[in-house]
Amino acid sequence: MHIFANPARFVRLADKIMPWAVVVFIGTLGYGLYLAFFDSPIDYQQGESVRIMYVHVPAAWMSMFTYMVIAVSSFVALVWRHPLAQIAGKAAAPIGAAFTALALVTGALWGKPMWGTYWVWDGRLTSVLILFFLYLGYMAIWQAMDDEEKAGRAAAILALVGSVNIPIIKFSVDWWNTLHQPASVMRLDGSTIDGSMLWPLFMMAIAFQAYFVIVFFWRMKLEIDRRKIAVLRLQEVSGS
Amino acid sequence: MNASFAIMISVIMRDVRLGWSQGGTGTMSLSFFFIAVTLFPFGVGPEPQVLTRIAPGVIWVVALLACLLSLDRLYQADYEDGSLDDLALSPAGLLPVVIAKILAHWISTSLPLVLLSPLLGLLMNLPAEGYVQLVLSLAIGTLALSFIGSIGAALTVAMRRGGVLLSLLVLPLYIPSLIFGVTGIDAAIMGLDVLPHTALLSAITLVAVVLGPIASASAIRLALE
Amino acid sequence: MAIDQPMIELVLDSLACQRGGRPVFEGLSVRVKAGHLLYLKGANGCGKSTLLRILGGLLAPSSGTVSYDGTVLQQHDIPFSAYALYLGHQNALKPIWTLRQNCDALCRIMTGRDAPVERLLETAEHFDLSRLLDQPVRYFSSGQKHRAALMRFGLIDRPVWLMDEPTVGLDSKNRDALAGLMEKKLASGGIILAATHDPVAAAGTDFDVSAFAPASDNSGPFSSAFLEDWA
């Protein structure tokens with residue numbers, strides 16, 4: 001963690017990592033999309049719409065991963081009062097919300113041909129929807145407070161409470177779902193995935209991860225610049 | 001330790017008295033609970049079978065909203081007049097004071113609602129087998145609602161329009177309690193074992209009882225700075 | 001009280017504080033011995049109220065320590081929230097309650113017990129509020145409310161008093177009443193810090209908080225992290 005302790009050092013590190021992340025992103029996305037569209041079999045039950053999975057599943061993974069990033073940085077921000085950790089949470093949240101929204105939209109698009117309706121209260125989809133609400137709350141609390149240092153700590157408290165709750169919500173929604181849905185309803189992710197489907201999925205997952213790294217570092221750099229401007233403005237005002 | 005306990009009792013009594021005096025939230029949430037439930041027969045029609053089917057869910061959802069309505073005043077009233085400073089400087093420490101305030105919130109807003117719920121079950125044509133579980137699940141579940149809601153109330157205490165944000169923060173966290181509260185009543189109506197539902201509902205309440213005061217106290221300290 | 005223990009003192013050691021990213025004061029150090037009164041002075045916004053909130057344990061300084069009677073007070077520790085009696089700008093009264101109910105409620109929060117009756121009557125008499133003891137506070141004028149809030153200093157025993165603008169809205173008679181209460185406190189070995197431009201009691205030392213205003217090129221640790229090493 002100490003390597004990030006200084007914003008300037010962080011920016012230098014980010015500048016080194018980001019070009020590589022762009023290369024990885026373009027490579028894996030291109031190859032992954034090629035595999036997903038042209039070089040993977042159609043599912044005998046789901047047909048062509050199985051290809052939605054190659055976007056949906058990585059998006060759903062990233063929605064969880066990003067919340068973990070927020071939770072860990074919130075913990076660091078609260079315990080060590082680390083300014084960069086606060087910024088990391090703020091920078092990650094909209095990316096996570098976007099991944100979550102993508103998972104929801106692709107899930108609904110997949111659901112139309114499969115279930116005959118855009119929305120089914122499927123256990124996984126419902127959990128992702130609630131995760132989306134948690135992201136909204138986290139971002140709203142950042143916006144609702146004027147003092148940024150306080151807003152950051154309040155948001156961190158909320159993120160930690162949310163991270164304790166996510167497994168509980170997941171479990172309870174699954175329980176609720178099995179009570180209300182016949183077990184024969186097909187899950188969005190078949191538990192038996194053929195190897196020929198695993199490879200494009202893997203490529204897309206790496207592409208999504210690289211995309212996250214690029215946008216996350218970019219947003220953190222922007223936020224650091226914004227705060228730097230704020231400090232300079234404050235000095236301008238108090239120096240007069 | 002003894003003095004801390006006396007202080008906690010005092011804070012509970014103080015808040016219950018304030019909650020039920022003029023301008024308090026107690027009567028208002030109770031009235032809301034009653035009126036909002038009676039809206040549903042107008043919305044979905046008065047057929048007894050329909051009402052029976054939705055009764056547990058409707059009563060639970062409305063109880064949840066009634067709890068939410070009263071939450072934004074949980075710390076805000078004391079924050080506005082400065083007495084939150086005094087509460088934070090109590091020799092008992094902020095954490096016991098927060099626990100006392102949450103318990104007082106439960107006693108003054110949720111407990112009356114729990115006691116009134118059989119009457120609403122009657123209006124919603126709830127089958128006779130469901131009543132015991134209705135009261136039990138509401139009693140256990142609303143405790144979690146107060147303890148979780150306290151976190152949201154503490155986070156939004158210094159905001160002028162904190163109420164809307166409060167619902168956004170707190171409602172997603174209420175879903176597990178809602179699920180196990182309602183499935184328990186459904187199980188009771190169908191003559192199934194209610195123990196797993198009640199046990200899971202209680203487990204969530206226990207987590208909330210542990211987590212809620214700690215998170216609330218740190219959020220209040222943040223607001224007082 | 002601690003009249004035979006003259007060693008007791010409140011020590012503020014190089015306190016620094018910032019609010020909203022803006023540094024308020026730094027390197028603030030002072031010792032206040034038992035039986036002494038410190039008047040906090042300085043222009044608006046120099047951090048008098050902030051300093052009182054730090055001393056009350058409500059606000060964490062960004063650096064520095066507060067110790068009382070030889071012990072460093074840790075933020076959010078119970079000793080920190082129990083050694084001092086604080087009154088800020090708000091009167092902390094519930095309008096629907098009578099003065100007596102308000103006093104009892106406050107004493108219960110602070111001690112777990114109701115206000116002792118004879119003490120309540122005596123303090124009310126002292127601030128000329130005896131008549132109003134059983135009237136709801138909502139009917140009080142703002143001056144009466146302020147006196148009602150000041151009653152806490154007569155009701156609760158804590159060694160240190162932290163008073164933010166205690167004389168606002170007091171007429172000369174009640175100023176004298178307050179001065180009498182403060183002098184009694186000092187005589188019994190108490191410590192008082194009052195942020196006011198209006199010295200009430202005679203035996204006070206002035207302390208200029210604005211002398212510790214930071215140099216303008218120095219931000220607190222949180223903000224300065226963003227300016228460090230910025231090549």
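Two strands pair if DSSP finds at least two bridges between them. Helices (H or I, at least four residues) and strands (E, at least two) are DSSP runs, numbered from the N terminus. This is a predicted model, in which local features need pLDDT of at least 70, side-chain atom pairs count only at pLDDT 80 or more, and totals for chains, interfaces and linings use all residues. Residues are numbered from 1 along each chain as its sequence is written, while chains are lettered from A and ligands numbered from 1 in the order in which they are written.

**Strand E7 of chain C**
- Strand E7 (residues 160-164) of chain C has five of its five residues buried, that is, with 20 or more other C-beta atoms, placed from the backbone, within 10 Å of their own.
- Val160(C), Leu162(C) and Asp164(C) lie on one side of E7(C), and Trp161(C) and Met163(C) on the other.
- Strand E6 (residues 84-87) of chain C runs parallel to E7(C), joined by four bridges; Leu85(C) has Trp161(C) as its bridge partner.
- Five bridges join E7(C) to strand E8 (residues 191-195) of chain C, also in parallel, with Leu193(C) as the bridge partner of Leu162(C).

**Helix H4 of chain B**
- The buried residues of helix H4 (residues 73-81) of chain B are Arg73(B), Leu74(B), Tyr75(B), Gln76(B), Asp78(B) and Tyr79(B).
- After H4(B) comes Gly82(B), with a positive phi near 90°.

**Contact between chains B and C**
- Chain B contributes 24 residues and chain C 23 residues, where contact requires C-beta atoms, placed from the backbone, within 7 Å.
- H1(B) gives the most to the side of chain B that touches chain C, with seven residues.

Technical notes. Contact = placed C-beta atoms within 7 Å. Buried ≥ 20, exposed ≤ 12 C-beta atoms within 10 Å, placed from the backbone.
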